[in-house]
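Q: Could we go through this structure together, beginning with the helices and then turning to the aromatic rings?

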Protein chains: 2
Amino acid sequence: MANRQVAFAEISPSEFFYRNRDLAGFSNPARALYSAVRELVENSLDACELFKILPEVTVTVSGLDRDSEEPDPKPYVVTVRDNGPGIDPRYVPNAFGRVFFGSKFLLRQSRGMFGMGGTMAILYGQITTTKPVTVVTSFDGNTTYTFDLMIDIQANRPIVLRRESQHGDGSTGTSVKLTLEGDYFRAAQKIQDYFKQCAMVTPYAKLTHVDPQGRKFPFERGTSAMPNPPEETLPHPYGIDVEAFRRLVKQSTQTSLVKFMSSSFHRVGPKIASQFLQFAGSDPNKNPGELTSEETVRLVEAIHRFDGFLQPDASCLSPLGSEILDAGIRKELQPEFAATSIRPPSAYSGYPFIVEVGLAYGGRVLSPGVKLFRFANRIPLLYDEASDVSWRVISEEIDWKRYRIPPEAPLGIITHVCSTKIPYKTVGKEYLADRPELERELKNAVRDVLRQLSGYLKKKGSMEMVKRKLNIYGKYLPLIARFSTNLAKAKRPPRYGKLLGKRDSPREEQRRIEEYS
Amino acid sequence: MANRQVAFAEISPSEFFYRNRDLAGFSNPARALYSAVRELVENSLDACELFKILPEVTVTVSGLDRDSEEPDPKPYVVTVRDNGPGIDPRYVPNAFGRVFFGSKFLLRQSRGMFGMGGTMAILYGQITTTKPVTVVTSFDGNTTYTFDLMIDIQANRPIVLRRESQHGDGSTGTSVKLTLEGDYFRAAQKIQDYFKQCAMVTPYAKLTHVDPQGRKFPFERGTSAMPNPPEETLPHPYGIDVEAFRRLVKQSTQTSLVKFMSSSFHRVGPKIASQFLQFAGSDPNKNPGELTSEETVRLVEAIHRFDGFLQPDASCLSPLGSEILDAGIRKELQPEFAATSIRPPSAYSGYPFIVEVGLAYGGRVLSPGVKLFRFANRIPLLYDEASDVSWRVISEEIDWKRYRIPPEAPLGIITHVCSTKIPYKTVGKEYLADRPELERELKNAVRDVLRQLSGYLKKKGSMEMVKRKLNIYGKYLPLIARFSTNLAKAKRPPRYGKLLGKRDSPREEQRRIEEYS
């Protein structure tokens, strides 16, 4: 038999994401520029909020060669500076120069989920321009550290090109400066939208964006009230698997099952622990360290079958709340009417979450039609809308006709999900998977705000009614005309536009047809 | 200033995907069972095809406790056996027990893309049942090796519990047996569909599925003609970035730029290399090892601006071809009419690809309406249809009315993309990103098969015409009835069903409305 050799190789995490950078949101120069900005801003906001520092974040994007008339794509320098707690210099090289090294691996609500966004931005900059990243940071105000770093992509290790320290100016914070091949022309709108929407849900943050023309886009603080920092939480039993259970046993110093259960899990105290162990048929005094594999598996299966565990409470979560959500909507969208719906805490797979939905109706900022604004852990999600659970809910699970909203009305639906683990489908944090529990809460919240809108519209009353009657004729005439045309096999429908005084776009017609069927 | 400490940590690749197994398609027991089956089958088919072995793959799924009447989810034993080339025992532990170790890191068309599907299946089995995976393999027929393996998830290293060797029986191949918490009740349909669709595009493979009841579902070989094995290819200049360029320089033994260019890139010979270097203003005799960072960056920029490089040719690709596609469609869908469209090779970002589209019309297997079957590198894609570029094309970019296809007709559209790099958006290989080049080719191919269908329907002639006229009345009456009801503000539309002798489902009506607007 011929010797058939297959070539095996190993690659590092950074190599993997270098080759598959699409997975992390760095597919092309426009997208990469957006992703670099958002990942660094999200790191800054997370850091500030962890220590309840009123955030001040400035993002500057400028062409590397300012005088250059070169068209996009071309090298851009992206600088993100914050007034956060700074980073201990011992960790700076690894935090920025190593994939899978970071501070986001705890069970706690934060914007960052995978601990690699900043590193990916630096990696992308490096592979398109060979320029190092410069990190300047102070964590105590006394000393400022400056690093020039690159990534050894094949080894997943940082390369420190320069490290200096100087006297600090008394303030803490971090600034990250990287150079990457970007396309600001294509990315500008998304970057602007990102800041606007950030401002909507983070009114206590002062954000400033400086574009390549040097124009400043400030987003001033709307309030000084900050939410409490999110807290780390114990794992919930419903989210546990055998591997996780074994690790908890290994870490635990408890010598009895009942003490182990009541100290390792979220909202499990001695009483519930005893009830569970009785249900599972286990000896509460048994030493957890002596469980066999089989016993462990059976215990974990019992955990998933036992319905006596309390649902996760959301004390570890940091929702926006009605006030902030309403204020943000009013500030950015200036609607005629706004409504909010804050759902009670819920959970999926043992992870607590809270859904908050806002609605903006009318006014002059929104265009006619329904626009969806999605947020997760206070991050705006601007890509892959059609794949997101929120989109599914509003396009498939809401019976719009019930609420009698005029189709030409400008309407914004704002969805925010906060959780210790956001169910992103991709490392690039583009959209949320459709977990049934999430879907259910979103549907209920959207219905709630639509009901509130309905009530407002009813009160608004007869003026609208009369107008709509006139519109009905405007809606049906085109349809009747078309069907008659088809039946009669005429080439063109008769001109009815003059009868109504106006004509809608084909898309408007189409939507109306769908709505009234 | 208070000392504000942030806890940094590092996690291994297996730990990362353990915590984020949703990213890899292992979100819940039903999905995990499906993913385990598909990943292992895809490994087997890739291995066979690489050495042009007519594949024989058997997949057995059985409850761990066969007598158990326990409901799903529960432990299942999944065994996948093939007649492939086997695996060198030196590589077995790492190939299965280590994330980012594998044979899929070359630039070559294969089903596996990320080199981690099999390992994820084993990881999932381990964390839900603590049972090891058993791998039995022979690469020369003389000796058979048996391994029991587990994964040290935190360290990303295999744990070899057992390793034995015995006399072989003369045949080569590999079998993988793992135990995982699965939900066959929920996964059954998708697993069945997976095999059916695999058979559609791999008619030279003999596939057998044995379900938990012991029922055998064989998919016999339709042909013994196998495609040529895919070949590894040189990178194309349009796909190169600075990091990749530097690595090529490092690996190369050439001492002049022109020789380096003409030996490192796909379809770049001395003539084109010279033309390019002239365009770039570089000295063709310069030693590539002496290029500075700046010069490298400028050269790579020039590569992307130079339009003299030849488009990738697809000699390294392995498309299905018209015959196989047509045969597969006819065998599995038994249509009244079938059509295929094979596009010429194209490329995105320097990666060559070929789009092949098939159409099945009528017959008794398909249900009324349009059904999309998606394939990439001969893998059926059964999830996240609405996010896929193919779905986008058929739902947004095809003017269906032009082809006058009766809406109640059963219609299947089959799309297949083969490439050295499939633009998956997720590690779970669920759907393809909408690259413009891909979209364009898909659109052209779908239009082509629809045109062929139109031609067939025309010839089919008057019988259909008469039938449709009768149907038109059936289509319009419900609409007119509804609008009149709305206008008259009656509660219910009048009953017109009896007039027609039949009534369509609301969904049929809806589609008809959309089509005729």
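This is a predicted model: local features need pLDDT of at least 70, side-chain atom pairs count only at pLDDT 80 or more; totals for chains, interfaces and linings use all residues.

A: Residues are numbered from 1 along each chain as written, chains are lettered from A in the order written, and side-chain values use heavy atoms, without hydrogens and water.

Q: At what angle do H8(A) and H9(A) cross?

A: The axes of H8 (residues 270-280) and H9 (residues 293-305) of chain A cross at roughly 115° and come within 10 Å. H8(A) is therefore roughly perpendicular to H9(A) (65 to 115 degrees counts as such).

Q: Which residues of H8(A) and H9(A) make the contact?

A: H8(A) contributes A:Phe276, A:Leu277, A:Phe279 and A:Ala280, and H9(A) contributes A:Leu299, A:Ala302, A:Ile303 and A:Arg305; contact means heavy atoms within 4.5 Å.

Q: Now the rings: how many aromatic pairs are there over all chains?

A: The count is 50 aromatic pairs, with ring centres within 6.5 Å; planes under 30 degrees apart are stacked, over 60 edge-to-face and the rest tilted. The rings of A:Phe8 and B:Tyr91 have centres 5.0 Å apart and planes at 35°, so this pair is tilted.

Q: What about B:Phe16 and B:Phe17?

A: B:Phe16 and B:Phe17 form an edge-to-face pair, 5.0 Å centre to centre with 85° between the planes. Both residues, B:Phe16 and B:Phe17, are buried.

How values were computed:
Axes are lines fitted to C-alpha atoms, for helices over the stretch in contact, and angles run from 0 to 180 degrees between N-to-C directions. Helices (H or I, at least four residues) and strands (E, at least two) are DSSP runs, numbered from the N terminus. Angles under 35 degrees count as roughly parallel, over 145 as roughly antiparallel, 65 to 115 as roughly perpendicular and the rest as oblique. Rings of Phe, Tyr and Trp (its six-membered ring) pair if their centres lie within 6.5 Å; planes under 30 degrees apart count as stacked, over 60 as edge-to-face and the rest as tilted. Buried means under 20% relative accessible area, exposed over 50%, partly exposed in between (1.4 Å probe, protein chains only).
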